[in-house]
Amino acid sequence: MYQKEIPEKQASAWQAAALAVPLVQAAAACSWLAAGAVGTVCLLVCWGTRKVTAAPGRWLRGIQCLWLSVLISELLHGSGQCWTDSRGKYAVPLVLLLLGLWTVSSRTNRAARAGCTLLWPTILPLGAVFLSGIPQIRWGELTPVWKMPDADLMWVLLIPVLCGRGRPGCNGKTAVGLGLLALTACAAASSVLPGDAGNEAPVYELSRSLSLFGAAERLESVTAAALTMGYYTAVSYLLETQAEEADGKKRVLIWGILSGVLFLSGIRLDSQLLALGSLALGVILPILLCWKKNPKKWKKPLDKRKRK
């Protein structure tokens with residue numbers, strides 16, 4: 001429950017495991033040009049705000065926890081898209097939510113250990129799926145075009161600024177690895193899937209038409225298992241942030257119930273609103289608070305520039 005006590009390498013692996021599946025799912029619906037440009041900008045924002053923002057106050061953390069419940073409900077919807085059975089679309093997300101709540105209920109960094117354990121079992125099957133699609137790639141579809149049907153990629157990439165304030169995050173090698181995985185997903189999905197066939201669950205739709213080195217006709221079962229593990233890690237990662245801020249199991253349970261109610265009710269915000277909300281609560285408001293608390297730190301660099 002306490003991310004500050006986690007070693008830097010473990011925290012980096014945990015964050016990578018939490019971001020891998022939502023990032024791949026969001027990036028696969030975009031072109032490689034759009035994913036690369038948006039990913040670079042969001043990466044610079046995440047890196048830059050770590051040094052210019054202050055720790056948010058109690059009221060802002062409460063709003064951020066409320067917003068994280070909204071994002072968790074979106075992740076639950078994403079996990080349900082990996083299962084064609086109508087019962088699985090509701091049962092699997094609710095089971096993941098319950099497992100996430102059980103995971104963060106421990107004070108022994110159980111969520112971090114689980115996330116680090118599931119990192120490679122999540123990434124390797126997805127990498128195998130993308131590599132198996134190389135023979136079917138239509139190279140003419142990889143021309144640089146701008147395709148970004150929604151803003152899911154933006155709010156997914158802004159998760160670190162909402163969950164990692166003042167804590168170690170992905171190191172450079174891990175960030176590059178996630179970027180390459182996302183770009184591979186873009187190239188495979190955009191050049192294999194026809195048109196907008198995979199906008200909702202592109203990685204899953206991609207696996208339905210591929211064979212693993214000729215040994216299997218359909219890979220959706222392997223892909224669904226890998227995506228489910230990734231969504232579990234992402235949900236538990238966001239719940240862990242709420243648990244740390246709430247400093248108590250009862251409040252975390254309330255946030256988890258709220259996420260479940262939002263999911264079951266079918267209430268979903270537009271992806272652009274999710275991106276704007278994450279940007280405002282994770283970047284803009286913390287910067288304004290930092291400027292309000294320490295205006296002298298912002299004036300000194302400006303004074304030096306004027307003297308020059």
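Trp146 lies in the loop between helix H6 (119-132) and helix H7 (152-157). Helices here are DSSP runs of H or I with at least four residues, strands are runs of E with at least two, and both are numbered from the N terminus. Trp146 is exposed, at a relative accessible area of 55%. The classes are buried (under 20% relative accessible area), exposed (over 50%) and partly exposed (in between), with a 1.4 Å probe and protein chains only.

Areas come from the Shrake-Rupley method with a 1.4 Å probe; for residues, only the protein chains shown count as cover.

## Model basis

This is a predicted model: local features need pLDDT of at least 70, side-chain atom pairs count only at pLDDT 80 or more, and totals for chains, interfaces and linings use all residues. Residues are numbered from 1 along each chain as its sequence is written, and side-chain values use heavy atoms, with hydrogens and water left out.

## Overall build

The chain has 14 helices and zero strands. Of its 308 residues, 50% are buried. The chain exposes about 15,300 Å², and carbon and sulfur atoms supply 65% of that area.

## Ser31

Ser31 sits in the loop between helix H1 (8-28) and helix H2 (32-52). Ser31 is buried, with a relative accessible area of 4%. Beyond its neighbours within four places in sequence, Ser31 contacts Val145, Trp146, Lys147 and Cys186.

## Nonpolar core

A nonpolar core is a set of buried Ala, Val, Leu, Ile, Met, Phe, Trp, Tyr and Cys residues joined through side-chain atoms within 4.5 Å. The largest one has 84 residues; Leu71, Phe130, Leu153, Trp155, Leu227 and Leu238 touch the most other members. H1 gives the most to this core, with 14 residues.

Leu71 touches Trp155, Leu162, Leu238, Leu274 and Ser278, leaving out residues up to four places away in sequence.

## One salt bridge

A salt bridge needs a side-chain nitrogen of Lys or Arg within 4 Å of a carboxyl oxygen of Asp or Glu. The count is one. Glu74 pairs with Arg268, and the closest N and O atoms are 3.0 Å apart. The pair links distant parts of the chain, 194 residues apart: Glu74 in helix H3 (residues 58-80), Arg268 in the loop between helix H12 (249-265) and helix H13 (271-293).

Glu74 is buried at 8% relative accessibility. Arg268 is partly exposed, with a relative accessible area of 42%.

## Cysteines and Thr228

The structure holds zero disulfides (pairs of cysteine sulfur atoms within 2.5 Å). For Cys65, the nearest cysteine sulfur is that of Cys163, 9.2 Å away. Cys65 is buried, at 3% relative accessible area. Cys42 also counts as buried, at 5% relative accessibility.

Thr228 belongs to helix H11 (residues 220-246). Thr228 counts as buried at 14% relative accessibility. Apart from neighbours within four places in sequence, Thr228 contacts Trp83, Val92 and Leu96.

Methods
Contact means heavy atoms within 4.5 Å.
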